[in-house]
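Let's take a look at this structure together, starting with the ligand and then zooming out. Keep the picture handy as you read.

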Amino acid sequence: MRTFILYSRGWTKPFSEKDLPGAGRMDIACRCVSAALFISYTIRRDTRFFISLNGGSQPIALCFDGRIRKISPDERSIGLWISKTLEKAQNGFGKEWKRTDNGILYAQKSFREILEELEKEGCEFYLLDEEGKKIEETTIKENPAFVLGDNLGIPKGEEKFAERVAEKISLGKTSYLASSCISVVHWICDGKGI
Ligand SMILES: C[S@@+](CC[C@H](N)C(=O)[O-])C[C@H]1O[C@@H](n2cnc3c(N)ncnc32)[C@H](O)[C@@H]1O
């Protein structure tokens, strides 16, 4: 299983899919979902993508995996389904993952709680950072979990928390869009058969 975790400042309340950037740069999260899950004509069944939403009083975690249904790869469609999921979340929900009819998982979990859960599962963490070790010189182990930030990156405290378990890896000195990083990481892992 290949895993991605995005630290996002996206809203935790419903928003208009017509203004994704205005909802805490939800456009970034939507592009990342598309890059992580969609390939030509189908979706990746061996990949899951977590979004840690931090643009509200309580963090919310979402997860898109190979069981998503009726969601197309365009940003607006993904944004619409995220907003609908957040509507459900407004009525109160707990730490246990729940799945919407479209297959999106949601829970009241923080970024750190997502990482702790994946650590218990035995994921091997890689923190994507321009200053990290070159990805070409890194051995990517089985069950990798790649951690990324949004346009403002990962806050220092959360980054330190991730660094406990993660190796910092870099795609070079250029600062790429988070969604572009996901495509490159997929390409490398596909090539290596990881
Ligand atoms: C647009 S960048 C954020 C840039 C932001 N100024 C910062 O300080 O993190 C979004 C995310 O993509 C990842 N990223 C971007 N370029 C990268 C690179 N060359 N190597 C590794 N990760 C990269 C990082 O995880 C980053 O947090």
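## Around the ligand

Strand S8 gives the largest share of the shell around the ligand, with three residues. Keep in mind that what you're looking at is a predicted model. S8 covers 124–134, and strand S9 (144–149) and helix H5 (178–192) also each supply at least two residues of that shell.

So who gets nearest? Of the 18 residues around the ligand, the nearest are Leu128, Leu148, Gly149, Gly153 and Leu171.

Leu128 sits in strand S8. Is Leu128 buried or exposed? It counts as buried because 23 other C-beta atoms lie within 10 Å, and the cut-off for that label is 20 or more.

Leu62 is another story: it is 66 residues from Leu128 along the chain, and their C-alpha atoms are 20 Å apart.

## Zooming out

The protein is built with five helices and 10 strands. Its C-alpha trace spans about 45 × 40 × 30 Å along the principal axes. For 194 residues, a compact globule would have a radius of gyration near 16 Å, so the protein's 15 Å agrees with that.

Buried residues account for 41% of the 194. And if you take contacts between residues at least 6 apart in sequence, 66% of them join residues at least 24 apart.

How values were computed:
Residues are numbered from 1 along each chain as its sequence is written. This is a predicted model: local features need pLDDT of at least 70, side-chain atom pairs count only at pLDDT 80 or more; totals for chains, interfaces and linings use all residues. A residue is near a molecule or strand if its C-beta atom, placed from the backbone, lies within 6 Å of it. Helices (H or I, at least four residues) and strands (E, at least two) are DSSP runs, numbered from the N terminus. A residue is buried if 20 or more other C-beta atoms lie within 10 Å of its own, exposed if 12 or fewer, and partly exposed in between; C-beta atoms are placed from the backbone. The radius of gyration is taken over C-alpha atoms; the globule rule is 2.2 Å times the number of residues to the power 0.38. Two residues are in contact if their C-beta atoms, placed from the backbone, lie within 7 Å.
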